[in-house]
Amino acid sequence: MTLLTLRALSVRLGARDAVRSVTLRVEAGELVGLVGPNGAGKSSLMRGALGLLPAGGESSLAALPARERARAAAWLPQSREIAWPVTVETLVALGRLPRRIPGAPMTDADREAVARAMARMDVARFADRPATELSGGEQARALIARALAQEAPLTLADEPVAGLDPAHQLACMEAFAALAAGGAAAMASLHDLGLAARFCTRLVMLDRGRVVADGPPEAVLTAARLREVYGVESFIAREAGALVIQPLSRSR
Amino acid sequence: MRLPYPWLLAALGLLVAALFCASLLIGPAGLGLADGLAALLAGRGEAETLVMREIRAPRAVLGLMIGATLGLSGAALQGYLRNPLAEPGLLGVTGAASLGAVAAIYTGLSLLIPLALPLMALGGAALAALMLLGLAGARGGALTLILAGVALSALCGALTALALNLSPNPFAATEIMFWMMGSLADRSWLHVQLAAPFMLAGWAALAVAGRGLDALTLGEDAAASLGVRLDRLRLALVLGTAASVGAATAVAGGVGFVGLVAPHLLRRAVGARPARLLPAAALGGAALLLAADIAVRLVAPERDLKLGVLTALVGAPFFLRLVLSTRRGLA
């Protein structure tokens with residue numbers, strides 16, 4: 001089943017073409033890693049696809065009415081805002097808003113989804129603490145749990161693992177992989193190419209607003225392409241069946 | 001341990017009810033409890049009935065409604081702007097309504113037509129709402145709205161100062177000054193009838209914002225992705241504030257600090273959830289304003305101490321204390 005279709009999506013930010021005519025589809029069961037250097041258009045592509053930025057071309061999500069879109073896709077922005085000292089549980093429960101009838105109390109299904117998401121991101125022990133009192137990485141995990149609690153068919157996340165310790169980076173990627181394995185799909189922008197290679201079923205590489213590569217990780221992450229797009233020389237190997245990638249030095 | 005939310009609302013409701021009754025029983029006529037109630041409910045005694053039904057009752061009702069308006073709109077604005085320092089005056093509606101009233105006094109219209117002052121104040125608030133929506137249009141974010149409000153407030157403040165500067169005689173100047181201090185003295189049912197529809201409509205617009213304000217805890221992008229229509233939320237907020245705060249200013253003048261302090265006082269008690277803060281802050285604002293209006297009558301019965309002066313006098317030091325406790329919380 002196709003969960004997202006983009007046709008010739010273009011996003012302008014001021015005078016700059018942030019995304020130039022991107023066409024792609026995300027199918028159920030995929031964990032798509034969006035990779036590319038800073039300013040390549042990863043965030044703009046996802047925000048344009050969600051209708052959060054005015055965009056040219058077509059996006060199946062942006063075409064939906066706001067409420068339906070919120071049930072079709074969850075969005076984890078890069079900026080980790082928590083405006084008020086609400087408890088972590090309250091914060092995570094915000095993910096249930098699109099599924100709840102306005103004014104009605106949470107159902108058992110809502111509470112279970114919140115508990116599952118908190119357990120998944122290892123924040124259940126903070127449930128009753130004000131979210132603003134947690135450390136940066138803990139807040140990030142609580143916010144990922146919020147997006148997971150939404151239980152949308154498609155989850156889009158902007159640099160979800162930034163600022164997490166290695167164990168929780170793995171936990172986050174495992175959570176997204178579990179979404180894909182369970183018949184949903186996720187798309188995440190990533191700067192850690194090792195994690196991207198290890199967990200994603202497919203990578204889309206952007207450079208200056210265009211898709212320059214799209215396919216399985218080993219096909220996308222070649223030494224030549226990393227040199228061309230990122231300007232880095234990399235160590236690429238296979239270890240116990242998994243792709244290992246380590247940038248070593250800058251080219252040129 | 002925190003009070004469960006329904007109990008908190010019930011306790012606040014009781015407090016408001018008690019203060020409302022106290023407001024009915026305090027005044028220069030010096031009626032006893034039994035006389036006062038007999039006059040109010042059964043119409044016993046001609047002078048007493050007049051005092052209770054035509055002077056004290058509208059004053060207490062206005063105190064209740066204006067306090068609730070200030071608390072509710074303060075909580076809604078703080079939630080929308082995600083800033084605990086926001087208050088109803090920030091949008092420039094208070095300034096614009098004041099300017100309308102000042103214009104009525106300045107031109108002498110308020111002497112010719114009895115309701116010219118509140119009507120022109122309402123007109124000022126309506127103009128302010130149109131300008132805000134024009135400036136911070138459909139795609140403007142929270143920051144645009146604040147900037148538009150600040151610009152509008154500054155402009156209205158300057159024009160009000162100009163009216164004072166050029167006022168035709170010292171009496172008009174004095175009247176403008178006293179009006180701007182804010183008061184509930186000598187208001188009639190006419191004022192209630194004029195203000196109530198706007199306040200109720202404003203409350204209705206602000207009350208539906210709760211869900212969107214909750215989602216905004218995560219920022220504008222995340223809230224939009226949760227299905228919140230930010231353009232509609234902003235429209236409800238601007239129109240709701242303009243109608244309710246505009247009407248409050250039109251009948252009572254500027255009453256500061258209630259809209260700032262009421263949400264602050266109750267935020268912790270509702271677990272900082274913006275939607276839950278709305279009704280709590282409305283009740284809290286009503287309690288604060290009724291208490292302040294009782295205080296002005298008790299502290300200086302002969303001197304006509306203005307309500308806005310008292311709320312600022314008590315509110316500012318109180319706010320300083322909040323600042324200090326916030327600093328300790330951060331350290």
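This is a predicted model: local features need pLDDT of at least 70, side-chain atom pairs count only at pLDDT 80 or more; totals for chains, interfaces and linings use all residues.
## Chain A at a glance

Residues are numbered from 1 along each chain as its sequence is written, with chains lettered from A and ligands numbered from 1 in the order in which they are written.

Chain A has 9 helices and 11 strands; these are DSSP runs numbered from the N terminus, with helices being H or I of at least four residues and strands E of at least two. Its radius of gyration is 18 Å, close to the 18 Å from the globule rule for 252 residues, so chain A is as compact as a globular protein of that length. That radius is taken over C-alpha atoms, and the rule is 2.2 Å times the number of residues to the power 0.38. The C-alpha trace of chain A spans about 55 × 40 × 35 Å along its principal axes.

In chain A, 3 strands make an open sheet in the order β2-β1-β4, with antiparallel pairing; two strands pair if DSSP finds at least two bridges between them. At the edges sit β2 (16-27) and β4 (55-59) of chain A, each pairing on one side only.

Strand β1 (residues 2-13) of chain A is joined to β2(A) by 8 bridges. One partner pair is Leu13(A) with Arg16(A) in β2(A). Helix α1 (residues 42-49) of chain A lies across β1, β2 and β4 of chain A, at about 115° to β1(A). Axes here are lines fitted to C-alpha atoms (for helices, over the stretch in contact), and angles run from 0 to 180 degrees between N-to-C directions.

## Where the chains meet

The contact takes 22 residues from chain A and 19 residues from chain B, and two residues are in contact if their C-beta atoms, placed from the backbone, lie within 7 Å. On the chain A side, the largest share, 4 residues, comes from helix α2 (residues 66-72) of chain A.

## Zooming in on Leu206(B)

Over in chain B, Leu206(B) belongs to helix α9 (residues 189-207). Leu206(B) counts as buried because it has 28 C-beta neighbours inside 10 Å.

Notes
A residue is buried if 20 or more other C-beta atoms lie within 10 Å of its own, exposed if 12 or fewer, and partly exposed in between; C-beta atoms are placed from the backbone.
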